[in-house]
Amino acid sequence: MGNLKSKQLSIEIFPPHNMEETHEILQYFRDHHDFAPSYIAVTNGAGGSENNQPLEFAQTIQTELNIPVMMHVTSLYQDYDSITALIDQLHHYQISRLLILRGDLNANVPTNVTFPHASDLIKYLKQHTDFELAGACYPEKHPEASTLTADINNLKIKIANGASQLVTQIVFDNQKYYHFTDQLEKLGVTTPVEVGIMPCTNLDQIDKITQLTKRPLPDNLIEQLQQVQDDSQKMFNVGINYAIAQIKDLLAHGVTKIHLYPMNNPDVIEQIRIKTASLFANN
Ligand code: FAD
């Protein structure tokens with residue numbers, strides 16, 4: 001029973017671009033082997049990768065670091081042949097936990113409509129494999145959805161088709177997350193949700209995050225960063241402290257699963273690790 005209530009911190013990492021970055025991020029976890037995130041999620045570009053590097057990276061995390069992995073898989077550009085091949089590879093690399101995403105539309109990649117939505121691939125995988133399947137959700141609604149209710153109704157298809165866990169888009173305003181969970185409750189969704197938190201540690205990230213989420217960051221966070229924009233260490237501290245305050249507030253509101261988006265920055269992971277150690281210590 002204890003595990004059901006235990007507080008968990010998971011971490012999202014994108015497959016590093018080169019050996020140096022790979023070494024740096026893996027070395028961080030080697031150096032902190034007493035730090036045990038509940039799992040590491042490994043992202044995957046829409047259309048997958050032209051090589052096995054993300055899968056090999058994920059396997060290293062599992063076998064060498066002994067940390068469970070959740071591999072991201074995008075649906076939009078897959079067909080039955082590519083998915084069959086991917087299933088074989090996932091078995092080969094002993095990866096059994098997947099976050100299924102549609103992927104963003106990309107004008108340069110021809111669209112194959114075998115799996116137009118994440119829920120379509122979730123349904124196929126649920127029928128043909130034993131993978132543990134998760135899906136994404138959007139506390140401020142997905143940008144393409146007409147309303148939050150319409151988006152949650154689509155989310156219910158994802159769940160009905162086999163997603164047993166949900167991970168949110170990056171949340172900067174906890175009130176929006178609490179509103180979202182109220183709506184989930186009203187619409188009968190009880191699937192566990194992990195809340196995505198990303199420390200925004202410099203001004204350049206504001207545009208990137210806005211492009212990614214298609215939502216503006218809260219004014220008060222932008223103002224705090226602007227006030228110290230000549231001092232990169234102070235900006236870093238602002239972003240970390242903002243995220244810590246969010247995490248504390250979420251845990252105080254009964255949230256048990258936090259998903260950290262550190263953008264592969266070991267310094268971000270380290271600060272969050274140190275400053276939340278006592279919050280996650282009862283696991
Ligand atoms: P869907 O669930 O298919 O939803 C997309 C839109 O279609 C929504 O508006 C939804 O309401 C609607 N919809 C859903 N189902 C139906 C249906 N059956 N009928 C009609 N409408 C429907 N992208 C990557 O390329 N790689 C990654 O690794 C990656 N990781 C991510 C991790 C997280 C936690 C999140 C939140 C996003 C991630 N993304 C990633 C981005 C994601 O691919 C985009 O947000 C994409 O636009 C939507 O993906 P989805 O799985 O939510 O799509």
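**Notebook: the ligand shell and some aromatic rings**

I began with the shell around the ligand, and α6 gives the most to it, with four residues. (Helices are DSSP runs of H or I with at least four residues, strands are runs of E with at least two, and both are numbered from the N terminus.) This is a predicted model, where local features need pLDDT of at least 70, side-chain atom pairs count only at pLDDT 80 or more, and totals for chains, interfaces and linings use all residues. Residues are numbered from 1 along each chain as its sequence is written, and side-chain values use heavy atoms, with hydrogens and water left out.

Next I looked up who surrounds the ligand: 27 residues do, each with a heavy atom within 4 Å of it. Asn-44, Arg-102, Asp-104, Tyr-138 and Asp-151 are the closest.

Then I checked polar contacts (pairs of N or O atoms within 3.5 Å). A polar backbone atom of Arg-102 is 2.8 Å from a ligand oxygen. For a backbone N or O atom of Gly-103, I found 2.9 Å to an oxygen of the ligand.

My last stop was the aromatic pairs, seven in the structure. Ring centres must lie within 6.5 Å; planes under 30 degrees apart count as stacked, over 60 as edge-to-face and the rest as tilted. Tyr-28 and Phe-29 have ring centres 5.2 Å apart and planes at 85°, so this pair is edge-to-face. Phe-29 and Phe-35 are stacked, at 6.4 Å between centres and 10° between planes. I noted that Tyr-28, Phe-29 and Phe-35 form one aromatic cluster.

How values were computed
Polar contact = N/O pair within 3.5 Å; in protein donor to acceptor, adjacent residues only side chain to side chain. Phe/Tyr/Trp six-rings, centres within 6.5 Å; stacked < 30°, edge-to-face > 60°.
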